[in-house]
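This report describes a protein structure for a reader who is new to the subject. Please consult the sequence and the three-dimensional view while reading.

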Amino acid sequence: METIEFARSDPFWPRVLVEDGALTLEVVGGADALHDPRRFRLPLRDAHLAVLRQDRSRHLLLWSALLPLCDDAGTGGPLDEDAGRSLLDPILLGSPEQVDAFFRTIRRHRGVLVAHGADPDLLDDGQALAATADVHETPSWHRAQEDEAARRRRQRGVRLSALDTAVLTYTGQLLHASTIPRRDPDAVDPGLLPAVLDVIATADGAAAGRPLLRDPRRGRTGVDREAWDEMTSTVEAALRRVHPGLSRDAVRSVSFLMCSEATDRGRRQPFDPEAAAPRAGAGGRPLTFTDDQEVARTWTPGDDLSAAEAFWSFVAERAGTDDEVFTLEDEHVGDGIQLHFSADSVARVRTVTGAVPGAETQYRVEYGLVDGLAHDRAIVRAYIDGGFAALEDLVRWTPDPAELEERRRRRAGR
């Protein structure tokens, strides 16, 4: 038989139970394998209970010191009762000076302290009781998240100005840099909003409303990372030139916003907008697409998609299946191109008809280096429009694979 002897209004605070005539402290912390909260118990004395009733500050400090022990217990292990009992007298019965000194030597859950109103600066100074003098029973976990984000920035040597904070609030990245940024003017202090909008206008001008096109090599929603990096550099350079006082975090947040919005615009575009409509040069010949898993697809004039868009859709669909080589060929003529995405190279292949009837078919193969996805797109467009000959000036071709590798090494600076 057990009864509740003392509990605060928030059910997660440690409460005191009477169990078979003995006082027990019950603390909720950690989670079991099903993610349900775990409950642990420690024996308690009347003197401890008296302090818990009267002193909310020490009650909270004890809770914060017990939570790391709960975490140590994991999903099914026991609480280290010796360690738990060793916390009771120093925190509940020690003098203010002893409590502060003791608290500097132990682990504690800073988040639960700050969420209930503890002063972060006083905590940093080691003044545990002063920091928790005005704590409240209802937590604000948003406050704890803000404190944790500020601590992580301080560890990186970043100090935010009022404008930095307002910019990060506007983009929704004050707490978590990995959050997808957005535009939220209502979240910003009206007095700082004009300055924030001036920062955003600078970035908008640098991004110039351009889309970041999808990269089919990364799947249907993949982003062209080279174009992303280029836009990031352009936006950040403009921000540092016009607003030199902005912190690195604020600059990165705004450039992330610009790139995210450009990506959204790009995902509403074809894979290659320059070849979205059927093109005249490809009007009379079917084309076959294959990957290196021997999956094939045929494009026929009159299909809903242009040949280029159909090819890039095929690449996007097959990306992530260990495919590294994609081929686009005109089987009737006997020529085609192979795109080697992982090697940043391309091959053009033409069937050579031998003079001797029945002889084994021979092929003329030439190789060249490719400079990014835009170059790949241009090669595909050129082949679709003009066939084998149209590729002549787009790539520096060589029939020698060894020469290609030498060019690759020179380009890499090795």
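## Basis of the model

This is a predicted model, in which local features need pLDDT of at least 70 and side-chain atom pairs count only at pLDDT 80 or more, while totals for chains, interfaces and linings use all residues. Residues are numbered from 1 along each chain as its sequence is written, and side-chain values use heavy atoms, with hydrogens and water left out.

## Helix α2

Helix α2 covers residues 56-72. Helices are DSSP runs of H or I with at least four residues, numbered from the N terminus. The expected span of a helix is 1.5 Å times one less than its number of residues.

At the start of α2, a side-chain oxygen of D55 comes to within 3.1 Å of the backbone nitrogen of S57. Just after the helix, G74 has a positive phi of about 70 degrees.

Side chains of opposite charge can pair when their charged atoms come close. The structure contains 41 salt bridges, each defined as a side-chain nitrogen of Lys or Arg within 4 Å of a carboxyl oxygen of Asp or Glu.

One of them joins E137 and R56, whose closest N and O atoms are 3.6 Å apart. E137 lies in the loop between α7 (128-131) and α8 (141-155), and R56 lies in helix α2, so the pair ties together parts that are 81 residues apart in sequence. E137 is buried at 15% relative accessible area, whereas R56 is partly exposed at 33%.

A salt bridge also links R220 and E317 (3.8 Å, N to O). R220 is in the loop between α10 (193-207) and α11 (225-242), and E317 is in helix α13 (residues 307-318), 97 residues apart. R220 is partly exposed at 43%, as is E317 at 38%.

## A salt bridge within one helix

E405 and R408 form a salt bridge with closest N and O atoms 3.2 Å apart. Both belong to helix α15 (residues 401-412), and, being 3 residues apart, they are separated by about one helical turn. An α-helix has 3.6 residues a turn, so residues three or four places apart point the same way. E405 is partly exposed at 34%, while R408 is buried at 18%.

Key. Helices (H or I, at least four residues) and strands (E, at least two) are DSSP runs, numbered from the N terminus. A polar contact is a pair of N or O atoms within 3.5 Å; within protein, one must be able to donate a hydrogen and the other to accept it, and residues adjacent in sequence count only if both atoms are side-chain atoms. Buried means under 20% relative accessible area, exposed over 50%, partly exposed in between (1.4 Å probe, protein chains only).
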